[in-house]
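Here is a short report on a two-chain model.

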Protein chains: 2
Amino acid sequence: MAHTPVVDVLKGQHAVGDTVLVKGWVRTRRDSKAGLSFINLHDGSCFDPVQVIALNTLNNYDDILKLTAGCSVSITGTVKESEGQGQALEIEAQDVEILGWVENPDTYPMAAKRHSIEYLREHAHLRPRTNVIGAVTRVRHCLSAAIHRFFHEQGYYWISTPIMTASDTEGAGEMFRVSTLDMANLPLDDKGHVDYSEDFFGKETFLTVSGQLNVETFACAMSKVYTFGPTFRAENSNTSRHLAEFWMIEPEVAFADLNDVAGLAEELLKYVFKAVLEERRDDMEFFAKRINKEAISRLEKVVEQDFVHMDYTDAIEILKNSGKKFEFPVEWGVDLSSEHERYLAEEHVGAPIIMKNYPKDIKAFYMRINDDEKTVAAMDVLAPGIGEIIGGSQREERLDVFDRRLDEMGLNREDYAWYRDLRRYGTVPHSGFGLGFERLVAYVTGMQNVRDVIPFPRTPGNAQY
Amino acid sequence: MAHTPVVDVLKGQHAVGDTVLVKGWVRTRRDSKAGLSFINLHDGSCFDPVQVIALNTLNNYDDILKLTAGCSVSITGTVKESEGQGQALEIEAQDVEILGWVENPDTYPMAAKRHSIEYLREHAHLRPRTNVIGAVTRVRHCLSAAIHRFFHEQGYYWISTPIMTASDTEGAGEMFRVSTLDMANLPLDDKGHVDYSEDFFGKETFLTVSGQLNVETFACAMSKVYTFGPTFRAENSNTSRHLAEFWMIEPEVAFADLNDVAGLAEELLKYVFKAVLEERRDDMEFFAKRINKEAISRLEKVVEQDFVHMDYTDAIEILKNSGKKFEFPVEWGVDLSSEHERYLAEEHVGAPIIMKNYPKDIKAFYMRINDDEKTVAAMDVLAPGIGEIIGGSQREERLDVFDRRLDEMGLNREDYAWYRDLRRYGTVPHSGFGLGFERLVAYVTGMQNVRDVIPFPRTPGNAQY
């Protein structure tokens, strides 16, 4: 008999009276004076454990009395209606096989008590066994699956852009170098510089910071594409919103202008929030109870609301006339800071904002210049409670305008040869955006720190496991 | 009016007589003496282009006569039943807007003629516009979507294991180093060695070669998990089957033994092959016609056949008694080479083989020792026409046996502290396997070289784009 996931037992997939086999780990054991024990068994298949009743007539009841949090067991038993509170169904054990003990329950790092989130982070290999990280893992999966499903249903193709790249197009600041050179004996050229021609790729090579430029090549052939892969920043940022390694989703759409992808962003967010609310209600209720009481209500609100489009220039006026005193002064041309974004989304509008048409000087070289020659067709999605969650733009598809921009910024046309080719041969208007996956998971779960929503976080000084 | 994907027009989503707007790129233009032109327009949404009839009564017909392969256009027209061969429906243009010309059609790298696959590889940013790479891209997406769907439907969670890792558990051979140290001024310690404590992570760090050890930590909490992410090998291998950067799928299942994951592997392959046969018939017909005439039939055969389980020890006997002369001699204890695997799968059995229980000395330290003490619970899936496509094993879950193995192999227990913890605290039998995604795509499409089934291949000396 194959074993049954706990979720199937709890959802009543087996009739009362049926014999089932469940396998998992003990969360708690409680003994009753009436000569029986209650074992809460979890297997990761859902938030709730299943309650197992073990009577003292079981031949290994002495062993059962030694079960502690984390022990692994295989239990055959009968599905029963529960007389206790908190669950409709439970299992009365016919046989309890103990698969794995906990070496020393007193020093077991995940013993059944409340641990701080920082402590869990230091035990990243065991923290999936906790309620909170188990719930994060299921929600993270649900979001990832929903994102892939959303794009698939809409006719997008997933493109895996390269992780290691010798391309100069991104600028080498804040990047991780990838190399196989012997650090103890670096080859040098005539001038005494490191000779990367002897490196694995014959060139200095880095980890990607974005798949956008690469994926544009596919948008300009397949029309609708997206990336979903890891990206890297070697920033020395020790904040709750930064990781050196994080996952990013980057749709890129041919024949789409800024408003088209603004609409796509709204649709995507609503789709994945709905998926979580429907598919992971159990975990979301836990987050609402223990992490952020608005975890569910704010998602429900976003799903129902129309996102409000707002021009950067108008936003500056609103901020100036708000009567609020901001830490960072507001003036046309400045980048909006978190306090500005949150005021606009939370206080002024009370809904997600799609902020558009930023000053060109604070945005990237590839963004499309608007007719005013001062702004670019860029957009950010600002969500109440978190601020910027998506950043995107229409790309400059006009070769002459693009070349002028490169010149202005002192960039070299030859370094952008393949990117320019997309504009030389059958150029089309196209647009896209980037969504940081960990910030999305943090927003959805209410978790305060992105380090707790990725299996093994990488931050300055930390690449354990 | 939003524009319509070509696939919707060809599938008859719009009635004959309807006006549609399509956008895409010209594949070919042919002029008729009758005063009209035929434009084949593709947009990546399916293999076939749509045929557009442009009459010389269009006011920009002079421009239309200059359209060449790769030009981008936006066409409004009427859906018509086609009188020509090769398509049921076509579009009669009411308006042809030319969005982007090809700078110099004579030097356009993707001009409408047959290019060698090696030539296309050197123009990786434009090759998605070709029939063959377009088809590969759609099939690759279809496989990726089917893999995620398969696991989601079966209750598995996607886990993103880390890309950068300071973990010593894999052994540092053939790995890429990741660093932010200034190569021109490397910090040295007292002994004159490179001082990695000053590096970004405070430790020597590499790109992952497999997510398996990491994902075991999640299997031992969530029960059913899988990875789907990039992995790296700094091998100097210039073959048609090796990439320095490739994607891998690694399911890991708690409470599963070797036969359980052998069954999972069979189910997974059949599921994704069926998905391709159903969803990408158009592209598969192209591959069968132009790349490998068995592209469709061999997938259909695999879907229908039961995979044959075979013990390594029996396979050695079969090979010895085959009467065949092999280049590499056959003896118990040797690793099977490609000629052996193909003889067994193609000639002896004529079906995919699940080869099990290999000599422990040719397999990894984490594989579970069988009762004979000579073999481990490892398996490879050998497919006719390609050889090994999946490799997996049951993991050693018994701490004492695992420690003995580490000792035998001269490995240090402290380096495996977190991996050993999984065996110290509620250990469970668990198993998993790895499937190289590019080898899968190559097998399905019949493409000879894995460099042509990944958007931007990374190989020794090549990290362009």
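Which residue in β8(B) is the bridge partner of A:S179? It is B:R177. A:S179 is found in strand β8 of chain A. That strand (residues 177-179) pairs with strand β8 (residues 177-179) of chain B in the antiparallel sense, over three bridges. Two strands count as paired if DSSP finds at least two bridges between them. Helices (H or I, at least four residues) and strands (E, at least two) are DSSP runs, numbered from the N terminus.

This is a predicted model: local features need pLDDT of at least 70, side-chain atom pairs count only at pLDDT 80 or more, and totals for chains, interfaces and linings use all residues. Residues are numbered from 1 along each chain as its sequence is written, chains are lettered from A and ligands numbered from 1 in the order in which they are written, and side-chain values use heavy atoms, with hydrogens and water left out.

**Around A:S179**

A:S179 counts as buried because its relative accessibility is 4%. Buried means under 20% relative accessible area, exposed over 50%, and partly exposed in between (1.4 Å probe, protein chains only). Leaving aside residues up to four places away in sequence, A:S179 touches A:D199, B:F176, B:R177 and B:M183. Contact here means heavy atoms within 4.5 Å. The side chain of A:S179 also reaches the backbone nitrogen of A:L181 at 2.9 Å.

**The interface**

In total, 109 residues of chain B are in contact with 109 residues of chain A. The area buried between the chains is about 8,800 Å², and carbon and sulfur atoms give 65% of it. Buried area is the accessible area (1.4 Å probe) that two parts lose on being put together, summed over both. In chain B, the residues that lose the most area to chain A are B:W158, B:M183 and B:Y425, together 9% of what that side buries.

The rule finds 47 residue pairs in polar contact across the interface, both residues at pLDDT 80 or more. A polar contact is a pair of N or O atoms within 3.5 Å; within protein, one must be able to donate a hydrogen and the other to accept it, and residues adjacent in sequence count only if both atoms are side-chain atoms. Helix α4 (residues 131-153) of chain B gives the largest share of the side of chain B that touches chain A, with ten residues.

**Salt bridges**

Side chains of opposite charge can pair when their charged atoms come close. A salt bridge is a side-chain nitrogen of Lys or Arg within 4 Å of a carboxyl oxygen of Asp or Glu. The whole structure holds 56 of them over all chains. Two salt bridges cross the interface of chain B and chain A.

| Pair | Closest N and O atoms |
|---|---|
| A:E103 and B:R424 | 2.9 Å |
| A:K270 and A:E266 | 2.8 Å |
| A:K360 and A:E408 | 3.6 Å |
| B:E347 and B:K324 | 3.3 Å |

A:K270 and A:E266 are four residues apart in helix α6 (residues 258-279) of chain A, so about one helical turn separates them. A:K270 is buried, with a relative accessible area of 14%. A:E266 is buried, with a relative accessible area of 14%.

A:K360 is buried at 15%, whereas A:E408 is exposed at 53%. B:E347 is exposed at 52%, and B:K324 is partly exposed at 39%. A network of salt bridges links A:R138, A:R280, A:D282 and A:D283.
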